[in-house]
Amino acid sequence: MRIKDILFSIGLLLLFYACGGTKQPFRNIVDGVPAPEDVVMYQVNPRVFAPAASFKVIGEYLDSIRRLGVNVVWFMPINEVGKEKSVNSPYCVKDYKSVNPEFGTMEDFRHLIGQCHDKGMSVIIDWVANHTSWDNAWMEHKDWYTQDDEGKVVSPANTGWKDVADLNFDNQEMRLAMIDAMKFWVDSVGIDGFRCDAADFVPYDFWKQALDSLRAIPGHSLLMLAEGKRKDHFTAGFDMNYAWDFLEGTRDVFRKDTCASTLFDIDRAEYDSLSAGKIKLRFTTNHDEMAKRSPIKEFGNERGAMAAFVLSMYLHGGALIYGSQEVGYPERIDFFHYCPVDWKAEPALREEFKTLVRLYNEYPAIRKGNLKTYPDCNVLVFEKELDEECFLVLVNVRNSNQTVSLPEAYKGSSARNIYTNESVELTDTLTLVPYEYKILEINH
């Protein structure tokens, strides 16, 4: 072996151990960006890490995020927050090209992006296109904003967001300034894409214009996520948007005893007519939902929250973990203010997340296999199959023991529960304890 080959191999080993010493597959990554169907996203709310200088504290936590199996880190808005009429919301942007001094400096953030990249994780940032703060410098251009009949700039209609001013997308100069600011974060700061806030409020033709411009930047492969559920997001160029209907359906199943198999109908409707490679982001919580209640309270208890997480991720990806979810934070989080989280809490729960995501990453059939469903009102039962891999996933959505009839094709088969690594002999039925899930690799 040549000397340079030996040095290259040593370098790979050092990188391997620097990233935690465990094999962690990140598939189909081009320029650091995973294919949408392979995304495991972690949402960072800087205000749960430190009351000040949180960029540096987040950097110290990145190994823990990486060990969860994450390959995309999404930062909530990091821009400077406006003061006029302010409620301290990070979605009240004063300057599209600055960082919030509460979190650190621009150089701190660039360093944090580099740390993420070194650990094999892409970075996307929240982009608030629909509105700005009232003291944003853009206010010098009144025609860049929506106005009422008296010529007064207004807040976004029917939202109650009085701390922000609504932008006018009929104005071409404003559009170009917005696109220029987005390019700045790609070209000058080094991010890998955007999560676009309130995307349903912004016209299709702007998104098409902006995404065409961004994707034309040489040398960059971008991941684009729309917070919304319009199907034209995908024709505009987004890779992913929100599975809001699936979240509502999951709530109904757990809280209103709706039949579990209704989730199959919602899944089909959300993916109907989507092009190959386009993904609905599935989740059980995020910053908006956690501001109302934690998933532990939303879905009955900790076991219910994990059952909901499994079915949301394993049925038809992509996957999202909201920072604090992995330590079972039990209360709501007001993202307008600092909220301390004990990152050492619930180590067993963290390990459960790590195992579930590791299996999701390890087996392509679970992420993107062909789906076959088996209706039952109390246990969500579905098959994922790809090439030689076949898995039967069962999730008890009730806080009581449930016995489910197994599909005829599986009766008499042997299986392995890949979560526990236990062998299972399948008969006519299977009983699951409250909120239990099983992920069975089938050996026909």
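Visitor: What makes strand 1 and strand 12 a pair?

Guide: In this predicted model, strand 1 and strand 12 (residues 319-322) are joined in the parallel sense over 4 bridges, and since two strands pair if at least two bridges are found between them, they count as paired. Within this pairing, M41 stands opposite L320 in strand 12.

Visitor: How do you know that strand 1 pairs with strand 2?

Guide: The reasoning is repeated here: 4 bridges link strand 1 to strand 2 (residues 72-75), again in the parallel sense, where at least two would be needed. Y42 is the residue that stands opposite V73 in strand 2. Between these two strands the chain passes through helix 2 (residues 54-67), and this β-α-β crossover is right-handed.

Visitor: Why is strand 1 called largely enclosed?

Guide: A residue is buried when its relative accessible area is under 20%, and 5 of the 5 residues of strand 1 (residues 40-44) are buried, so the strand is largely enclosed by the rest of the structure. Both of its faces are covered, with V40, Y42 and V44 buried on one side and M41 and Q43 buried on the other.

Visitor: Why are helix 7 and helix 8 called roughly antiparallel?

Guide: Helix 7 (residues 244-255) and helix 8 (residues 262-271) pack at an angle of about 175 degrees, with their axes 9 Å apart. Angles over 145 degrees count as roughly antiparallel, and therefore these two helices are described in that way. On the helix 7 side, W244, D245, F246, G249, T250 and V253 take part in the contact, and they meet T262, L263, I266, D267 and E270 in helix 8. Sorted by class, this contact has 5 nonpolar, 3 polar and 3 charged residues.

Visitor: Why does N100 count as buried?

Guide: N100 is found in the loop between strand 4 (93-95) and helix 3 (106-118). Its relative accessibility is 7%, and because buried means under 20%, N100 counts as buried. Leaving aside residues up to four places away in sequence, N100 touches R47, I78, N79, E80 and V81.

Visitor: What makes S133 a buried residue?

Guide: S133, which lies in strand 6 (residues 131-133), has a relative accessible area of 0%, and because the limit is under 20%, S133 is buried. Apart from residues up to four places away in sequence, S133 touches G82, C92, V93, K94, M139, Y145 and D163.

Terms used:
Residues numbered from 1 in each chain as written. Predicted model: local features only at pLDDT ≥ 70, side-chain atom pairs only at ≥ 80, totals over all residues. Heavy atoms only, no water. Buried < 20%, exposed > 50% of the residue type's maximum accessible area, 1.4 Å probe, protein only. Right-handed = clockwise from strand over helix to strand, strands pointing away. Axes fitted to C-alpha atoms, helices over the stretch in contact; angles between N-to-C directions. Parallel < 35°, antiparallel > 145°, perpendicular 65-115°, else oblique. Contact = heavy atoms within 4.5 Å. Nonpolar A, V, L, I, M, F, W, Y, C, P; charged D, E, K, R; others polar.
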